[in-house]
Amino acid sequence: MSVFRRRSGGSSRRREPPPPKIDEAAVNSIFDQFASEEDNDTMDFDGIAALGEAIGIDPAADLSILVLAWKTEAKTPMQISRSEFLDGMRKLECDTLEELPAKLQAADPRM
């Protein structure tokens with residue numbers, strides 16, 4: 001008789017943890033404030049700059065805006081799609097503008 005028992009009915013792979021819970025409606029509302037007028041599913045350079053200003057970040061001088069681009073995994077330079085923004089905010093576990101500066105600072109790999 002073996003001292004090692006095999007688990008029955010399951011895979012040996014670990015399950016990925018569920019994505020953090022955020023208020024997706026709140027995140028979409030934030031995105032809508034800064035979305036491009038031409039395409040409401042894209043935040044362009046002007047929208048990203050306005051978002052930075054709204055949270056007290058100078059996009060020209062503060063690298064936190066690059067942390068946002070990194071966390072959203074933005075595919076196009078100087079643009080963030082709605083789905084990228086939502087995914088990035090999930091990763092940051094953030095759904096308010098008030099929390100965003102601290103979350104970006106905490107996610108900054110230089111810190």
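Visitor: Leaving aside its neighbours within four places in sequence, which residues is Arg82 in contact with?

Guide: This is a predicted model, in which local features need pLDDT of at least 70, side-chain atom pairs count only at pLDDT 80 or more, and totals for chains, interfaces and linings use all residues. Residues are numbered from 1 along each chain as its sequence is written, and side-chain values use heavy atoms, with hydrogens and water left out. Contact means heavy atoms within 4.5 Å. Once neighbours within four places in sequence are set aside, the residues in contact with Arg82 are Asn28, Phe31, Asp32, Asn40 and Asp41.

Visitor: At what distance does the side chain of Arg82 make a polar contact with the side chain of Asp32?

Guide: A polar contact is a pair of N or O atoms within 3.5 Å; within protein, one must be able to donate a hydrogen and the other to accept it, and residues adjacent in sequence count only if both atoms are side-chain atoms. For the side chains of Arg82 and Asp32, the distance is 2.7 Å.

Visitor: Does Arg82 count as buried or exposed?

Guide: Arg82 lies in helix α4, which covers residues 82–92; helices (H or I, at least four residues) and strands (E, at least two) are DSSP runs, numbered from the N terminus. Buried means under 20% relative accessible area, exposed over 50%, and partly exposed in between (1.4 Å probe, protein chains only). Because its relative accessibility is 17%, Arg82 counts as buried.

Visitor: Which residues touch the most other members of the largest nonpolar core?

Guide: A nonpolar core is a set of buried Ala, Val, Leu, Ile, Met, Phe, Trp, Tyr and Cys residues joined through side-chain atoms within 4.5 Å. The largest such core has 24 residues, and those touching the most other members are Leu51, Phe85 and Met89.

Visitor: Within what arc do the buried residues of α5 fall?

Guide: The buried residues of α5 are Leu100, Leu104 and Ala107. They line one face of the helix, because, seen down its axis, they fall within a limited arc, taken from the directions from the helix axis to the C-beta atoms. On the other side, Ala102 and Ala106 are exposed.

Visitor: Which helices are included in what covers the buried residues of α5?

Guide: Among the buried residues of α5 is Leu100, which is touched by Met89. The cover over the buried residues of α5 includes α2, α3 and α4.
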